[in-house]
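User: I would like to go through this structure with you. Could we start with the overall fold and then turn to the ligand?
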Amino acid sequence: MKGFDMKIAVFAGDGIGPEVTGEALRILDALDLPLSYHEGDVGGAAYKKHGHPLPQATLDTAKACDAILFGAVGDFDCDHLSRDLRPEQAILGLRSANGLFANLRPARVFPGLEDTSALKPEIAAAIDLLIVRELNGDVYFGEKGMRTTADGLREGYDVMSYDESEVRRIAIAGFEAAKKRRGLLCSVDKANVLETSQLWRDVVIEVSADYPDVTLSHMYVDNAAMQLVKNPGQFDVVVTGNLFGDILSDQASMCVGSIGLLASASLGERKTEFGTFGLYEPIHGSAPDIAGKGIANPMATILSAAELLRHSLGQEEQAARVEAAVAKTLADGILGGDLGGSAGTREIGDAVLARL
Ligand code: ATP
Ligand code: MG
C-alpha cells in the first residue's frame, strides 16, 4: 500500500465546518493509509480572504485530488452579498466544475437511537437505506420563465426534461451502490403521468441487464413517499431524479432523526486511481449558533469520510470499520447535544477513535 498517495482535498469552510472536519481527519489519520491532505478555502471564509466563495486555487486543488472532504458553508456576514458571491455558491460551483451529478444520502437508524426518529421506534429500527438523487437535470435546469396567457393572466413554467445519457449515468450509480450493499434497487418515478419518467424507467431497465445480481423494482413517487414512512425497512437503494430526490431525501432524514448523523456523497464520472472522484459532506449546515463552542456533533462528517473511503479510495473495509466505530460509540451512549447528550466535538472524536 505504501508508495501510493491518496490525495484528499479538505475544504472545511465556515462555522462548525473546521471543528467537525478536524475530527474526521483524526479518524482518517488513524487508519494507516497513505493519505495526504490539501487544504483550500471555501464559503464565507474564502470570501473574506479572497473576495470570492470559491477561488480558482480551491478549484485547482480539487482537480488535483482523488476526493474532497467538505465541512460546511454559510455565514451571516455574507447575507448582504449578491447571489453569486454567497458562501453557498462554493458547493454549487464545486459540483458543476467536477461534474458531480449523483448525490448519495445514506440514512440509517443506529441501534439505541430508535426514539430520535419521527417514526415509531420499531419501524425506525429497520431503516438502512441510501437515496441516489440525480443532481444536474430535471425541472430545476429546464427552460423556465414567466409569460402572460391570452386571458392576461401571469403564467410561470418550468420544463422537466432528461435525456437518455443523463438517466443512464445515474442509473449506473444506483446499480453500483446497490451492488456494494444488499443488492436491491428501487427506481422511483411517475411513469404513469410523465414522459420523462417513462424514459427514465426504460433506461433503468436497459441498464439493469448489466447488473444481474441486483434486484430492480419500480415505484411511483407518491407511493414511495408513503412507503418511506410506512415500511422504510423494505428499501436498500432508491434511485430517482432531481425533484423527487430532493423531497424524498429530506423525508428520509427526518425518518432517521438527528441532523448531526447524516452524511452525503456527490459523485461524478471521473475515475481516480482508486475509485470514483467525489465530494463528501455532512448534510447539516454551518450552524453559526453553536460554532466555536466545541459542541458540534462531528459524526456526520466522520460518516462522510467513511463514504469517501468507500467510493473514492476503494477502501470498503476501512469504511465499514469507521462506521462500526461510530455505531459502537452511539450504542455506548456517547451522544452529542443534538441527540440530547452532553458529549462535545472532541470527546466524540476521541470516543470513535478509541473504538476503531
Ligand atoms: P444551512 O442553510 O447551511 O443549511 P441552517 O441554519 O439551515 O444552515 P444548520 O446549520 O444545519 O442549518 O443548523 C440547523 C440547526 O441544527 C442549528 O440549530 C444547529 O445548531 C443544529 N446543528 C447543525 N449541525 C449540527 C451538528 N453537527 N451538531 C449539533 N447541532 C447541529
Ligand atoms: Mg438548512
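Analyst: The protein chain has 12 helices and 12 strands, where helices (H or I, at least four residues) and strands (E, at least two) are DSSP runs numbered from the N terminus. This is a predicted model, in which local features need pLDDT of at least 70 and side-chain atom pairs count only at pLDDT 80 or more, while totals for chains, interfaces and linings use all residues. Residues are numbered from 1 along each chain as its sequence is written, and chains are lettered from A and ligands numbered from 1 in the order in which they are written.

User: What is the mean pLDDT of the protein chain?
Analyst: The mean is 95, and 99% of the residues reach 70 or more; pLDDT is the predictor's confidence in each residue, from 0 to 100. The model also scores ipTM 0.94 and pTM 0.92.

User: Why does the radius of gyration agree with a compact globule?
Analyst: For 356 residues a compact globule would have a radius near 21 Å, and the protein chain has 20 Å, so the two agree. The radius is taken over C-alpha atoms, and the globule rule is 2.2 Å times the number of residues to the power 0.38.

User: Which residues are closest to ligand 1?
Analyst: The closest are Gly74, His284, Gly285, Ala287 and Asn297, out of 17 residues that surround ligand 1; a residue counts as near if its C-beta atom, placed from the backbone, lies within 6 Å. The shell divides into seven nonpolar, eight polar and two charged residues. Here Ala, Val, Leu, Ile, Met, Phe, Trp, Tyr, Cys and Pro count as nonpolar, Asp, Glu, Lys and Arg as charged, and the others, Gly among them, as polar.

User: Where is Pro288?
Analyst: Pro288 is in the loop between β12 (276-282) and α10 (299-311). Beyond its neighbours within four places in sequence, Pro288 is in contact with Gly15 and Phe76, a contact being C-beta atoms, placed from the backbone, within 7 Å.

User: Which residues does the UniProt "binding site" annotation cover?
Analyst: The unreviewed UniProt entry lists Asp222, Asp246 and Asp250. UniProt positions are given in the numbering used here, feature names are shortened, and annotations may be inferred rather than shown by experiment. Asp222 is in helix α8 (residues 221-230), and Asp246 lies in helix α9 (residues 242-256).

How values were computed. Two residues are in contact if their C-beta atoms, placed from the backbone, lie within 7 Å.
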